[in-house]
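Visitor: Could you walk me through how to read a model like this one? I would like the general idea each time, and then the case at hand.

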Amino acid sequence: MAESSINDDSLSSYPCPDYAEIFVVRHGETAWNAERRVQGQVDIELNEAGRLQAAAVADRLSREPKISAVYSSDLQRAFETAQIIASMCGGLEVVKDFDLRERHKGNLQGLIYGEIEKTNPVGYKALMSNNEDQELPGGGESLVQLFERCTSALLRIGRKHKGERVVVVSHGASIETLFKWACPNGRPAVDIHNASVSIFHLYGDDKWALKSVG
């Protein structure tokens, strides 16, 4: 069950025992981000701009009350971002979680977004389909598969850290599906920029509130 509630004032208080507060961060920029190239699960490292972004978000999070744990996708662009955050938040160890990975985008991976319609019309049609069970050609995930994977990861983390504040570093499409989960009547109309932070609260076993976006 999800409940939408966006409130920037949530940053000021430490979580009470009734909920876990989860800072969900998109990884810093990569060369493929800059080129508008489809990354999916191709393992691309941060570029220099991305490392600066990671340092900036790490500095911002280090000024929050105690961060208890840092989780990350195992892809290096997310893991490196998480390591930079963890080092500035008390030298925490980053816990890798495969389920926090980006959506696998099949044979669209490596293509330029603006050219997909011409270079891979079949894949483009699948990507733009309104059918959430539509898998992408070449082993790509459907939106339903992405949703189930990412939400199960956040549930595991939230249930483990009630009364605590934790950081999760993930990817654009993965964070979009978490927005959809927390806001079933329509996700916030915001772009998920590199190194942006969104805040989720988990109450009970499965009641989510989105407290701040972007």
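Guide: Gladly, and we can start with strands. Helices (H or I, at least four residues) and strands (E, at least two) are DSSP runs, numbered from the N terminus, and two strands pair if DSSP finds at least two bridges between them. This is a predicted model, where local features need pLDDT of at least 70 and side-chain atom pairs count only at pLDDT 80 or more, while totals for chains, interfaces and linings use all residues. Residues are numbered from 1 along each chain as its sequence is written, and side-chain values use heavy atoms, with hydrogens and water left out.

Visitor: Which residue of E5 stands opposite Val24?

Guide: Val168 of E5 stands opposite Val24. E2 and strand E5 (residues 165–170) run parallel, joined by six bridges. E2 also pairs with strand E6 (residues 197–203), this time in the antiparallel sense and over seven bridges; there, Ile22 stands opposite Phe200.

Visitor: How many residues of strand E2 are buried?

Guide: Here is the scale: buried means under 20% relative accessible area, exposed over 50%, and partly exposed in between, using a 1.4 Å probe and protein chains only. In strand E2 (residues 19–26), eight of the eight residues are buried. In a regular strand the side chains alternate between the two faces of the sheet. Tyr19, Glu21, Phe23 and Val25 point one way from E2, Ala20, Ile22, Val24 and Arg26 point the other way, and all are buried.

Visitor: Let's turn to empty space. How is that found?

Guide: Rolling a probe the size of a water molecule over the atoms shows where empty space is left. On a 1 Å grid over the protein atoms alone, a cavity is a set of points where a 1.4 Å probe fits but cannot get out; a pocket is an open set with protein on both sides within 12 Å along at least five of seven lines, and lining residues have an atom within 4 Å of a point. Grid points are joined across faces, edges and corners, and a volume is the space filled by probe spheres set on the points.

Visitor: How much space lies in the largest pocket, and which residues lie nearest its centre?

Guide: The largest pocket holds about 900 Å³ of space. Its lining has 33 residues, and Lys105, Tyr113, Gly172, Ala173 and Glu176 lie nearest its centre. Helix H1 (31–34), helix H5 (121–128), H6 and helix H7 (172–182) are the elements that give two or more residues to this lining. H7 provides the largest share, five residues. By class, the lining of the largest pocket divides into 12 nonpolar, nine polar and 12 charged residues, where Ala, Val, Leu, Ile, Met, Phe, Trp, Tyr, Cys and Pro count as nonpolar, Asp, Glu, Lys and Arg as charged, and the others, Gly among them, as polar.

Visitor: Why is H7 described as largely enclosed by the rest of the structure?

Guide: Because nine of its 11 residues are buried. Among them are Gly172, Ile175, Phe179 and Trp181.

Visitor: And how many cavities of 30 Å³ or more are there?

Guide: The count is one. The largest cavity holds about 30 Å³ of space, and its lining consists of Arg103, Ala126, Leu127, Ser129, Asn131, Glu132, Gln134 and Leu143.

Visitor: Which side chain does Arg149 contact?

Guide: A polar contact is a pair of N or O atoms within 3.5 Å; within protein, one must be able to donate a hydrogen and the other to accept it, and residues adjacent in sequence count only if both atoms are side-chain atoms. The side chains of Arg149 and Glu141 make one of 2.8 Å. Arg149 lies in helix H6 (residues 143–160), and its relative accessible area of 9% makes it buried.

Visitor: Last one: what should I look for in phi?

Guide: Most residues other than glycine have a negative phi, and most peptide bonds are trans. Arg36, not a glycine, has a positive phi of about 60 degrees. Arg36 sits in the loop between H1 and helix H2 (48–62) and is exposed, with a relative accessible area of 52%. Ala195 has a positive phi too, near 65 degrees. Ala195 lies in the loop between H7 and E6 and is buried, at 15% relative accessible area.
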